[in-house]
Structure formats: structure tokens, C-alpha cells
Amino acid sequence: MPQLLKHPEAFKGPGLSDDPFGKNFLELVARTPETKRRSRLKAIEEALQLAVPQLINLSDVKDETGVPHLEATYTHWRPGAGRQREDQFSDGTLRLIGLFWTLLDGDAPLLLEEPELSLHTAIVKKLPSLFYRMQRKRKRQIFVSTHSWEMLQDKGIGGEEVVMLEPNNEGTIATVASKNSDIRKLLSSGLSIAEVALPRTAPPNLEQLSLNLE
Amino acid sequence: MSPIPVHLAVEDDLSELVIRRLLLDTGRDYSVGGVFGRGGFGYLKSRARNWNAAAAAGKSILLLTDLDHHPCPPGLIEEWLDAEPHTNLIFRVAVREVESWLLADRDGLADFLGIGVAVMPSQPDQIPDPKQSLVNLARRSRRRTLRESIVPRDGSTAVQGPDYNGCLGDFVRGHWNRNAALGGSPSLEGAWSRLMVFEPTWAA
């Protein structure tokens, strides 16, 4: 969560085990052996070129009190404007840095919860192929939860890879999308998961929402 | 020579990459403004008349769509616009999909996929489902990474592999021999000829 890095003073406390929200992300980066850290930050900077082309020289530093930070140069700033730290990065940039780092970090199964948050939809569309490219060498299993139309319109996503969570009055039913013969036929006809499966996961009776608020 | 500003309206990422490559290859000073669409043909069809109106108002717009199962390009254009396309609207239809324009570079695509050129179709505009043909050709590829990226896994409902656009984007940007492709696809040749002579007219 970008806010945890931008405003650490507001989130003091022991935090959660395994740090699922990235509160200690900067310490994690700083603790990584130098060679590995440098090569990962270089790889992240290259991947970021698509989204933030003006950001260069991404690196880690420690301030005078020993607290680690991320720094980068923005080429469109005036020369000599100095380097920017993580509290000046956009939420989307910080999320992408955290996302890319996590993808490069280890080969254990990875759970990503709504990775589309704060990102431009044009970037979100590219996430499925990006996940594929990054796990291809490691054969790492990645679980993604999402509501994103853009992400799910990638026609490389098979119905057998998607578990739909359909809410009803009794609870939530989890179904592998391709188990449904309607969905299977529609997907095989060239429609996307976004078109075929996503609408089924909307809460029932949603059309009454505006009435209930009046 | 002053720049030629143009907005793009395309079905998907691959179409956009192909169009950008063609615009670059013309050697003319095309300057791409907005990119509309990339969400399939339904959106393009629903907006085609708006773009024709924008063209009449002085905006130059390049609309590329796939013919898919429609009988012929003139019929599709007439159905979508219900009028003559304005001279500022470059309305091109890939027969039957933009993949046929890639297949038209037989040697280049065969080399990229690592397959023999003899299995490449000679008239890709005549193929009923060029995308499926391309996927089937990639199935024969000796290059595992390419094969796994372009071809869906066995038993999958997906119509393409997990990095289809990424791989074919690499091909379009770095390997596609456009000159060779022009000779193999009349619909590509038609689009190219128009791009080479297009001159927008400005509203008074």
C-alpha cells in the first residue's frame, strides 16, 4: 500500500507477520544482498519504462538516520532539481515497484489482491501477460483476485484458470468458469472472461442500490 | 513537410502496433494523437459514424477493423457509416483479420516461428480464420517459448496463448518485412497505398 511508505509515521506499530501490505518494503529492499538488489532495481526500472518513461536511475539510499529510501530521477524536471524519494512518487508508481519486486522475489506461490489498484487501465491490460512473462522462468504459481474488466479482457486467460465468486443470498459460490457450459461456449467463440464471467460476479439486486439510498 | 496529425481507432493492441509500424514505414510525418478502442469491433462499429462526423469537422482519423465474417469490406463500411466516408477518414478493413497481414510475410514469419516456409499459406486474405491459422502454425514451432506464449494450453478455452500480443508485437516491431507482406495481402496493399497518399483537408 503506497500510503504506508509515504506516511510511515501514521502507521506505527508492530505490523503483521509476513507484511502483506508492504509496510516494511523499504527495509526488505535494503536487506537484500547488494548484487541482487541492484539487478532487481535495474530490471524494475526497465519494466517501469512503459508506464513512467521519465523515471530513471532507480536506486536505494539511506538517510542520515539510517532509514532506507528509494530514489529516482525524473528527466522532465529541470536539470539539478535533485532526486525524488518514494514519498514523491505517485501511488501507481509505488505499486508497480512493489509489484515487480514481489514478482522477482523468490519462487513460492504468490497471492496478489487486486493488483490493478491505482494503475492506469492501459497498464492493467498488460498485467496478465506481464505476470506470465515474469513467472515463465521460475514456474511460479500466482493467484490474482480482481474485479478489473481491463485485466480480464485478455484473451489469453482460459476459463479453466478462473474461479468465479458469485454472491447470492446464502453466501458465495465458487465455480471454475469453464465448468459452466454456457461460459465455455462463449469463451471458445472468442469472447473474453471480462465479458462472459465478470458480470456473473456482481452482487445480486444491484439495480436497487440507488433506490435504497434515497 | 508539415506533420500529418491522425487519430487511430483500432480493435486491439496488435492492430495498433501494425498501424504504427505502417505509419512509420511510410516515411511521411504522421503524428499519432489519440488512440480509440482496443476493446473489439463492437465499440468501433458503435462509434464509426461519430468518427466520420469528426473527420468532416477537420479531424483525420484512421480506422482499422477486421472483416471477420462480413461478406466484403465495402459492405461493412456502408453498414457501419450509412454514408460515404469523409476524405479525412481512412477506413481500412483487414481481410479477414490483421493476422493475415503478418502471415503475408511468409519468409519472415516462418523464420520468426522457426517453421518451414512451405507450410505458410500463400494467400492469407483467402483464409477464413487467419488468427487460428497463425496459432496453428505456432503450434509447429521449434521454439518452445514462442509456442507456449502464442498457443493456448491443451484443453484451454482461451483462443490465444498467454503472451500472444507480446510475441507478435515483437515480430511486428522487429522482424516483419512489410515490403514482402504487401505482395501477399491485397487488403494490406490497399491500406498502404492510401497511407502513402493521404492528405487531410482542414475545415474552413
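This is a predicted model: local features need pLDDT of at least 70, side-chain atom pairs count only at pLDDT 80 or more; totals for chains, interfaces and linings use all residues.
Me: How do I read a sheet, and what is the strand order in the open sheet of 3 strands in chain A?

Reply: Strands of a sheet pair through backbone hydrogen bonds, either parallel or antiparallel. Here, helices (H or I, at least four residues) and strands (E, at least two) are DSSP runs, numbered from the N terminus. Two strands pair if DSSP finds at least two bridges between them. In chain A, the open sheet of 3 strands runs in the order β1-β2-β3, with antiparallel pairing. Its edge strands are β1 (55–62) and β3 (84–85) of chain A, each pairing on one side only.

Me: How many bridges join β1(A) to β2(A)?

Reply: There are 6 bridges between these antiparallel strands. As an example, A:Asp60 has A:Leu70 in β2(A) as its bridge partner. The hairpin of β1(A) and β2(A) has 5 residues between the strands, and A:Gly66 takes a positive phi near 85° there. On to the next pair: strand β2 (residues 68–74) of chain A joins β3(A) over 2 bridges, again in the antiparallel sense. There, A:Glu71 has A:Arg85 as its bridge partner.

Me: Which helix lies across β1 and β2 of chain A?

Reply: That is helix α3 (residues 34–48) of chain A, running at about 150° to β1(A). For such angles, axes are lines fitted to C-alpha atoms, for helices over the stretch in contact, and angles run from 0 to 180 degrees between N-to-C directions. Contact means heavy atoms within 4.5 Å.

Me: What is a salt bridge, and which residue meets A:Asp60 in one?

Reply: Side chains of opposite charge can pair when their charged atoms come close. The rule asks for a side-chain nitrogen of Lys or Arg within 4 Å of a carboxyl oxygen of Asp or Glu. A:Asp60 meets A:Arg37 in this way, at 3.0 Å from N to O. A:Asp60 lies in strand β1 of chain A and A:Arg37 in helix α3 of chain A, so the pair ties together parts that are 23 residues apart in sequence. Over all chains, the count comes to 15 salt bridges.

Me: Is the pairing parallel or antiparallel in the open sheet of 4 strands in chain B?

Reply: This one has parallel pairing, in the order β2-β1-β3-β4. β2 and β4 (89–94) of chain B stand at the edges with a single partner strand each, so one side of each is left without a neighbour in the sheet. Neighbouring strands are turned by 20° against each other on average, direction ignored. Between strand β3 (residues 61–66) of chain B and β4(B) there are 6 bridges, and B:Leu62 stands opposite B:Ile90 in β4(B). α2(B) touches β1 (4–10), β2, β3 and β4 of chain B, its direction making about 155° with that of β3(B). Helix α10 (residues 186–197) of chain B touches β2, β3 and β4 of chain B, at about 165° to β4(B).

Me: How many residues of chain B are in contact with chain A?

Reply: The contact involves 20 residues of chain B and 21 residues of chain A. Buried area is the accessible area (1.4 Å probe) that two parts lose on being put together, summed over both. The two chains bury about 1500 Å² between them, 42% of it on carbon and sulfur atoms. B:Thr157, B:Pro162 and B:Asp163 supply 38% of the area that chain B buries against chain A, more than any other three residues.

Me: How many salt bridges are there between chain B and chain A?

Reply: The count is 5. One of them joins B:Asp13 to A:Lys126, whose closest N and O atoms are 3.6 Å apart.

Methods. Residues are numbered from 1 along each chain as its sequence is written. Chains are lettered from A and ligands numbered from 1 in the order in which they are written. Side-chain values use heavy atoms; hydrogens and water are left out.
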